[in-house]
Amino acid sequence: MPATFNHTIIAAKDRQESARFFRELLEAAEAPSWGPFTNIQLADGVLLQFAEPPVEIQMQHYAFLLDDEHFDRAHRRLCEDGVTHWADPQMTKPGEINHEHGGRGVYFLDPAGHGIELITRPYL
């Protein structure tokens, strides 16, 4: 069997808040949660597990591929919720999206301060 991506743990200040943020934005399903994890499941079966570590959270980068319609809904939600977003990872083009790689993309921070990227076309 070829290797596939199964799950990752995303550090959160408030695991319930972060799980809700991602579940709504990514239109993901709730998943059974256990122990220190609050989980959501993406359409391809990947599990995102949110946990509150007892250490300072270091920023990570997570990118999600969306179809054009989902991107429109997610971008609209970011705007309606007042989430600052940028067209670039350097955060120099606020309130914009980019048109890289034949699609569109946007960058923003999640509730824990992680750098999130939404794109409509894969890089490769």
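**The salt bridges**

Guide: Glutamate 24 and arginine 20 form a salt bridge, with their closest N and O atoms 3.1 Å apart. The term salt bridge is used here for a side-chain nitrogen of Lys or Arg within 4 Å of a carboxyl oxygen of Asp or Glu. This is a predicted model, in which local features need pLDDT of at least 70 and side-chain atom pairs count only at pLDDT 80 or more, while totals for chains, interfaces and linings use all residues. Residues are numbered from 1 along each chain as its sequence is written, and side-chain values use heavy atoms, with hydrogens and water left out.

Both partners of this pair belong to helix α1 (residues 15-26); they are 4 residues apart, so about one helical turn separates glutamate 24 from arginine 20. Helices (H or I, at least four residues) and strands (E, at least two) are DSSP runs, numbered from the N terminus. Relative accessible area is sorted into buried (under 20%), exposed (over 50%) and partly exposed (in between), using a 1.4 Å probe and protein chains only. Glutamate 24 has 31% relative accessibility and therefore counts as partly exposed. Arginine 20 is also partly exposed, at 34%.

The next pair is glutamate 27 with arginine 73, whose closest N and O atoms are 2.7 Å apart in a salt bridge. Glutamate 27 is partly exposed, with a relative accessibility of 44%. For arginine 73 the relative accessible area is 35%, so this residue is partly exposed as well.

Helix α2 also holds aspartate 68, and the partner of aspartate 68 is arginine 104, in the loop between β6 (85-86) and β7 (105-109). Arginine 104 counts as buried, because its relative accessibility is 19%. Aspartate 68, at 27%, is partly exposed.

This last pair is part of a network of salt bridges that links Asp68, Asp72, Arg104 and Arg121. In total, the structure holds 6 salt bridges.
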